[in-house]
Structures are given as structure tokens and as C-alpha cells.
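Here are some exercises to work through with the model open beside you. Try each task before you read its solution.

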Amino acid sequence: MFIPTVPTPDEILDKSFRRAKKAADKVRTSKVPRYQMAKKTEEARIKTACQVTKDTLNNLLDKTPQVEQMHMFYQDYIDVMVGVDDLKKSLGALNWAVGIVSKIENEYVFKVRRSKSENAANVRRAAFGRIASVMRQIKEELDFLDFVKGKLRNMPTIDFEAFTLVIAGFPNVGKSTLLRQITPAEPKVANYPFTTHGIQIGHFEKRWKKYQIIDTPGLLDRPIRDMNNIELRAMVALEHLADVILYIFDASETSGYPLDAQMRLYEEIKHVFDTPIISVFNKMDLVENNKYLDEYISKLNEPLMISASEGSGVDLIIEELEEFNGGKKGNKD
Ligand code: GDP
């Protein structure tokens, strides 16, 4: 999300008062009768200072994307990262400030027109004092918007047109190896709440259809019961994206996770996500087909057998995805 540079109250005031002074200088060199000069210059200063302040705030408001109009994934993402309510409150405060500065402008232009010439500068000073006080009142909100800007930098760029596959499974089962095998280009890495390694997104096309594969190290790779509320929400945000979940088992158990534990995580993910799951047994190059493994395979609906590092079986995954994309299940939006 792009948020323009957020100025501090002092920066807004400096700019407004500087521009106001220039506007006053312009009046001084124009053909205003001498008896009106003081009042006209102060009026120009008040108007310009208010206008520049309002323009600066309005520019910030116009250029900040409206959260309600964003895809649910981004709404959840922003909520987890910074809090949607706090963001709306800050933007609301900026709007309030624009309204108050408009009122100050009307009130003090009226006052300066009715004042005596020798009082005009005092009226203008009072107006500037009021503007400065309003800016001080929104300092916290401006600080917060600056914090939001930093937090939402490098947000994941999601292609909502593409058929989306989210990879799950314990650490070291071969998720990123598979992601690299399927996608021709290096996956893009973006920030994702509570995944220190970020979210990895890869793309590929097959028969003119676009696919997107997402790996979230640190999120769909451990028991869900261990997660805190915010992690759960970061995970649920993924549900808005996933057309299919690809759950990877490490058939060799060399990752250190017994198949029993891997099966439990599979069941948890199946329970939480309302999304079809393709189950895959990886690292088949390391295992002789044995009864122990067969037991797990028989519990699942036609799991795929692959070796991600050798690239074998990867085509089976793509075929299955094409089948999902072809009609069994359409894109989520
Ligand atoms: P992730 O943590 O699930 O993303 O797992 P990685 O993709 O980083 O893989 C963990 C380790 O398993 C790496 O050393 C990989 O080379 C290895 N690995 C991944 N897939 C296979 C496979 O099919 N066969 C074998 N023998 N090793 C694999």
C-alpha cells in the first residue's frame, strides 16, 4: 500500500506560514490603496496559510488508499499489522482538522475585514495560533500514519486473477524446494506478520492460465493450537487467497517430524481452512515403500508421491492443479 510521505505538524506549519508570507508580499507589490494595505495583506496571509494546510492534509487523505475498498486479504493484513480501526481513526482526525481549518479561515477573514488596520496583524496572529493548535492536536495521528507507512512497506503483491496455491507442512519437509521447482523465476519475498522469513510468492503459467504459489515459513508449519490470536488471524487472511492448499508430508521423516505429528497438523489445517487440500508425500527418493508409510498414505485421498529436489512428480501436482482450475473449483475473489 502506498502512503505518501507524512509531514510533521511543524513541517505543515512551516510550509503554510512561509507560503502565506509570500502571498502577503505579492499583495504589497500590487495596486492596493494604502489605507487597505494592512488588512488586505493579513487577509491574504490567513487565506493562504489555511489553504496550504488544508491542501497538505487533503493530499495525504486522497493518496492513502481506502481500506474498505481493498481485497479482504489486504484488509486482514492491514488489521493485523497496524489495526484498521486505528488507521480509520487517524484519517478521521485529519478530516476533522481540515474542517476546523476551514472554519478558522472563514472566521478570521471575516474578523480581519471588520478590524481596524492597526489590529489586522493581531487578528492574523490569532488565526495562526489557532491553526498551530489544531496541528498539535493531530500530532499523534500524523505520527501513527508515519508508523503505518513504515509497517506497510513491502506488503505482498498478490495477483488476484491467478489461481492460488498455498503451501503448508512442517519445516524442512521441502516446501521451498518445491516452490522453486515449480516456478521458473526466483520467488518474490514480502513482509508477512509473524513470519520472520516473510512470505514467498512464485508465479507460473500453464496453458495460458496464471498460477501463484505462496509459501509462508513460520505460519502453516506448526500446530495451530500453539498459535496466538494474531497469528491465527494472519493465517486466516491466507484463506481469502487460497484456491487450493498443498500439504507436504516428509515421507522420509528426515526433517525430524514423525509422520504421526505431520498427520495431526494436516488434520488441523483441514479443519481450519474451508479450502480443498492436495496432499503430497515428498522425499520419496529417500524411502523404500514400506508398510508404515502405506498406513498413512491409505488415510488420504490419493496423495501424490514426489521428490521435490529431484523434480520427480512435480508434473503430477501441476496436472492436479489444472484439474482444479479447469472447472472443479473456480477462483475465489
Ligand atoms: P522447507 O523448510 O519445507 O521449505 O524445506 P526445504 O525446501 O528448505 O527443504 C529442506 C531440506 O530437505 C533441504 O536440505 C532440501 O534439499 C531437502 N529436500 C527437499 N526435498 C527433497 C527431496 O525430495 N528429497 C531429498 N532427498 N531431499 C529433499
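**Exercise 1. How many salt bridges does a search of the whole structure find?**

Before counting, a word on the ground rules. This is a predicted model, so local features need pLDDT of at least 70 and side-chain atom pairs count only at pLDDT 80 or more, while totals for chains, interfaces and linings use all residues. Residues are numbered from 1 along each chain as its sequence is written, and side-chain values use heavy atoms, with hydrogens and water left out.

Step 1: A salt bridge is a side-chain nitrogen of Lys or Arg within 4 Å of a carboxyl oxygen of Asp or Glu.

Step 2: run the search, and 14 salt bridges turn up.

Step 3: pick one to look at. R113 pairs with E43, with 2.8 Å between the closest N and O atoms. R113 sits in helix α4 (residues 84-114) and E43 in helix α2 (residues 34-63), so this pair ties together parts that are 70 residues apart in sequence. Helices here are DSSP runs of H or I with at least four residues, and strands are E runs of at least two, numbered from the N terminus.

**Exercise 2. Describe what lies between the two domains.**

Step 1: get the bounds. The domain assignment, which is automatic or from a database, gives domain 1 (9-151) and domain 2 (163-328).

Step 2: find the contact, meaning heavy atoms within 4.5 Å. Domain 1 supplies 8 residues and domain 2 supplies 11.

Step 3: work out the buried area, which is the accessible area (1.4 Å probe) that two parts lose on being put together, summed over both. The domains bury about 860 Å² between them, 71% of it on carbon and sulfur atoms. On the domain 1 side, F73, Y77 and V80 lose the most area, together 60% of what that side buries.

Step 4: check for charge pairing. There are 0 salt bridges between domain 1 and domain 2.

**Exercise 3. In what order do the strands of the open sheet run?**

Step 1: pair the strands, asking for at least two DSSP bridges between partners. The 7 strands then line up as β2-β3-β4-β1-β5-β6-β7, with mixed pairing.

Step 2: look at the edges. β2 (188-190) and β7 (304-305) each have a single partner strand, so one side of each is left without a neighbour in the sheet.

Step 3: β2 and β3 run antiparallel, joined by 3 bridges, and V189 faces Q200 in β3.

Step 4: carry on to β4. β3 (residues 199-206) and β4 (residues 209-215) are antiparallel over 7 bridges; H203 stands opposite Q212, and F204 opposite Y211. These two strands form a hairpin with 2 residues between them, and R207 in the turn has a positive phi of about 45 degrees.
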